[in-house]
Amino acid sequence: MRVPNSVVLPVGTHVDCCREEEVEEKRRDIMAKITAMLAERKSNLAHFINNLEGSEEPEFYVDQWERLKEMENCTLTILKLVAVNCMDHHDIKKLEDTILEHVKNEELFPEVVRVLPPVYRQVEVAIVDIAQSEEMADHGMMDLQYLLSKLTQCEHLANLGKELLQDILRYLHRIGLVVWYEEIKHLESTVFLQPTFLITMFKLLVRYRLVQQLESIS
């Protein structure tokens, strides 16, 4: 809601736990709740803005008024909800195809066609090679500085600087090739070259019906 021109694709999981008619009923209910939530947000923002404009000394609230106006102008596009059974490979493929179809829609993403410098692709290929090498640990974690030193060993990347590498890592993080939590102080110097390892680890910590599973253990 705070990101300008954002696009949201709601995804409903656990379709296998519902009857077919229930899926459609829940789909309509979720979309209706999202529509109501957006309407309430718009109404609340208008209310707050009117209050500031009608205050006795509005000049004291200029910064707050500007922030609210920015939020009011943030457009939010909600796409049709996709219902999936996460245990069915075909449903996962359907979700993947749907995401790709939307991402390629230039009306939704006007900047979808973007030419990247060749070095982005070169670093991407080099990182894939490092991640797949025998010396890479299963967890795929690598120190940022060490990764830079490994990459600069490649003849065509000898002049790669840290700032450019960070820009490229942000791009690779967005497309899901690596995971780099640069905004988290304790993780900003660590790059995860194997995102699937994190998924496996999270699955051990966050799982469906976890409480019931724990209670079933004597």
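Hi everyone, let's start with helix α4, residues 118–132, and helix α6, residues 162–174: they pack at an angle of about 75°, and their axes are 10 Å apart. Angles from 65 to 115 degrees count as roughly perpendicular, so that is how α4 sits relative to α6. Please keep in mind that this is a predicted model.

Who makes the contact? From α4 we have V119, Y120, V123, E124 and I127. From α6 come L164, L165, D167, I168, L169, Y171 and L172. Sorted by class, this contact of α4 with α6 has 10 nonpolar residues, two charged ones and no polar ones.

Now, on to the aromatic rings. How many aromatic pairs does a search of the whole structure find? The search turns up two.

One is formed by Y120 and Y171, with 5.7 Å centre to centre and 65° between the planes, which makes the pair edge-to-face.

Y181 lies in the loop between α6 and β6, while F192 is in strand β6 itself, so here the parts tied together are 11 residues apart in sequence. Y181 is partly exposed, at a relative accessible area of 23%, whereas F192 is buried, at 6%.

Note on methods: Residues numbered from 1 in each chain as written. Predicted model: local features only at pLDDT ≥ 70, side-chain atom pairs only at ≥ 80, totals over all residues. Heavy atoms only, no water. Axes fitted to C-alpha atoms, helices over the stretch in contact; angles between N-to-C directions. Helix = DSSP H or I, 4+ residues; strand = E, 2+ residues; numbered from the N terminus. Parallel < 35°, antiparallel > 145°, perpendicular 65-115°, else oblique. Contact = heavy atoms within 4.5 Å. Nonpolar A, V, L, I, M, F, W, Y, C, P; charged D, E, K, R; others polar. Phe/Tyr/Trp six-rings, centres within 6.5 Å; stacked < 30°, edge-to-face > 60°. Buried < 20%, exposed > 50% of the residue type's maximum accessible area, 1.4 Å probe, protein only.
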